[in-house]
Amino acid sequence: MAPFEAMPDNYSAYTGSFALDEELQQQQQHLAQQPTMMTSAAADKIDPNHPALLGSLTPPANCPSSKVLNFSPGPTNLPSAVESTILRRCFPDPSTKRLGSMALSHRSPEFGAILRNTVDLARRVMDVPPEYEILFTQGGGHGQFAAIPMNLCPDKDARATYIVSGTWSTRAVAEAEKYCTPTVISSVNDDGSTFTTFPSAERIIAEHDPESKFIYMCSNETVNGIELHRLPVFDNVDNTTMPPLVVDASSDFTSKPITWHKSNVGILFACASKNIGHPGITMVIIRKDLLGQANPFTPGFLNYETNILADNVWNTIPTFNVDVIGIMMEWILDQGGIDKMEKNSIAKADLMYGLIEESNGFYGTPLDPSSEYRSRMNVPFCVAGGDETLTNLFLVECWNRGIVGLRTVTPFKQGIYLRASLYHGVAYEEVVVLANFMKEFAAMHTIIPSGVVVGGESKVVENNEGSSIEPASPLSSCVDLSHLSSSPNGVIDMSLTLPKNFKASRYAKVSQDMFAPPTLAVEPTILR
């Protein structure tokens, strides 16, 4: 089996500046054309039907970037080395007289080998103890919202405790109410709608229903941007007296270790389309002692015991998706395992949060810097306090540069925050590109109050048509990343009708070093 490509040597931890190594800087130089940054005067009448504002993930034909930089909350890209391996292994040349996994019968010996290999690799990557079974199911997270109470609660009167910490746990308990009787422990803020924290382990111990069949939680709330970087450990409590923990780890699975025994994990599930694969498959890891309790009305394809007894092929599972998860697990091991994945995730998140903190209010995030729950996977941020005009301009400028997915179409209310999702498929260099663009954008659209000294001179700016702060070079946000992945085959070209009127912005104070040029970080860390 051919090894995966190593991570480029330009990986570096955030040190208060942005690191673009010499190779990447050289790649920037051969870009033929750069988009011109629009001024605020061009923003007020951007067509509300502009593709960037409708969640389009296909940039214009004249986009100078060699690939689309996809920061979508999911589905999203896989690492470029994984995508290349999928193309080679799953879609073999006909001359090899070998079928790819998409064409294999789910009960064929060939697919049986793929399935066993994927299960073994997942067990190695996540250090899954032998008393747990690994299943591949369909129906996504919403399917598991129903499957979990159905499998663990024999009737509607059975009790469960739900930790509600954001959008996805809220939806989970709404579904569970059909199949069990839940007790809710919520961390909703006083406004009744936002979440910025998780209930503490002490509070869970004190408030959970002791008759619960399980305690449910979501370890990373993608919409709210909060994450438990470690599962709770119920100190001074005998795990035999605490109900088993059920974890929705869909968006942070494989980004950090799991304390299976210390946290009394009974079930952990993860939709594939964030960090481990493509949409259409969900990994479910279940402790064997929890089998055999299902409600008799549980459909066969959702019944854990039924599928385990059938070796996970009771029905036709998505063979290709199982193969992809196996390839992704190989890549994680090749990179150095979960410790390296976590280190990479921390570095990418630190880069984004560091930029936000140093913008002096131009960019904001709902979680305070002191919070221990800032998500490494999904970084929410607002532009100029949520100003609609500048936010729309920001999205259009990103789209023009091939940066997409910061605002996608969702069934949830559209608020002021955009989201940069930093799953495994987003390379550190791509986060550098986004950060440098954000730096450039803030420089162009920040008003400097009268009398502020910048670069040793007192500057008075009446509007931002000619900011006294020189923005970062446009090259810094348009990097040739063809070595990381391929560009889409088809793109569209949209022309903009730009307005002539202008509205000054006054959203942030400026410090002298806020827009210092990129410098190399000290002692860069290399991921294989």
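This is a predicted model: local features need pLDDT of at least 70, side-chain atom pairs count only at pLDDT 80 or more; totals for chains, interfaces and linings use all residues.

Let's start inside. The largest nonpolar core has 85 residues, and the members touching the most others are Phe-253, Met-283 and Met-329. The top contributor to this core is helix 8 (residues 319–335), which supplies nine residues. Apart from this core lies another one of 43 residues, including Leu-351, Tyr-363, Val-426 and Met-438.

Leaving out residues up to four places away in sequence, Met-329 touches Leu-121, Ala-122, Val-125, Phe-253, Thr-254, Ile-276 and Met-283.

Helix 8 also holds Thr-319. Is Thr-319 buried or exposed? Thr-319 has a relative accessible area of 9%, so it counts as buried. Its side chain reaches the backbone oxygen of Ser-101 at 2.7 Å. Beyond residues up to four places away in sequence, Thr-319 touches Ser-101, Met-102, Leu-104, His-106 and Phe-111.

Together with Leu-87 and Phe-91, Met-102 makes a nonpolar patch on the surface, with about 330 Å² of accessible area together.

Over in helix 4 (residues 140–152) you'll find Asn-151. This residue is buried, at a relative accessible area of 4%. Setting aside neighbours within four places in sequence, Asn-151 is in contact with Leu-290, Gln-293, Ala-294, Thr-298, Leu-302, Asn-303 and Tyr-304.

Now for the charges: how many salt bridges does the structure hold? There are 14 salt bridges.

| Salt bridge | Closest N and O atoms |
|---|---|
| Glu-207 and Arg-203 | 3.0 Å |
| Glu-357 and Arg-374 | 2.7 Å |
| Arg-401 and Glu-397 | 2.9 Å |

Glu-207 and Arg-203 are four residues apart in helix 6 (residues 201–207), so about one helical turn separates them. Glu-207 is partly exposed at 38% relative accessibility, and Arg-203 is partly exposed at 29%.

Glu-357 lies in helix 9 (residues 338–358) and Arg-374 in the loop between strand 11 (363–364) and strand 12 (378–383), so this pair ties together parts that are 17 residues apart in sequence. Glu-357 is partly exposed at 39%, whereas Arg-374 is buried at 10%.

As for the last pair, Arg-401 is buried at 1% relative accessibility, and Glu-397 is buried at 0%. Elsewhere, salt bridges with shared partners link Glu-227, Asp-252 and Lys-256 into one network.

Key. Residues are numbered from 1 along each chain as its sequence is written. Side-chain values use heavy atoms; hydrogens and water are left out. A nonpolar core is a set of buried Ala, Val, Leu, Ile, Met, Phe, Trp, Tyr and Cys residues joined through side-chain atoms within 4.5 Å. Buried means under 20% relative accessible area, exposed over 50%, partly exposed in between (1.4 Å probe, protein chains only). Helices (H or I, at least four residues) and strands (E, at least two) are DSSP runs, numbered from the N terminus. Contact means heavy atoms within 4.5 Å. Patches are made of residues with over 30% relative accessible area and no salt bridge: like charges are joined within 9 Å, nonpolar side chains (Val, Leu, Ile, Met, Phe, Trp, Tyr) within 5 Å. Accessible areas come from the Shrake-Rupley method with a 1.4 Å probe; for residues, only the protein chains shown count as cover. A salt bridge is a side-chain nitrogen of Lys or Arg within 4 Å of a carboxyl oxygen of Asp or Glu. A polar contact is a pair of N or O atoms within 3.5 Å; within protein, one must be able to donate a hydrogen and the other to accept it, and residues adjacent in sequence count only if both atoms are side-chain atoms.
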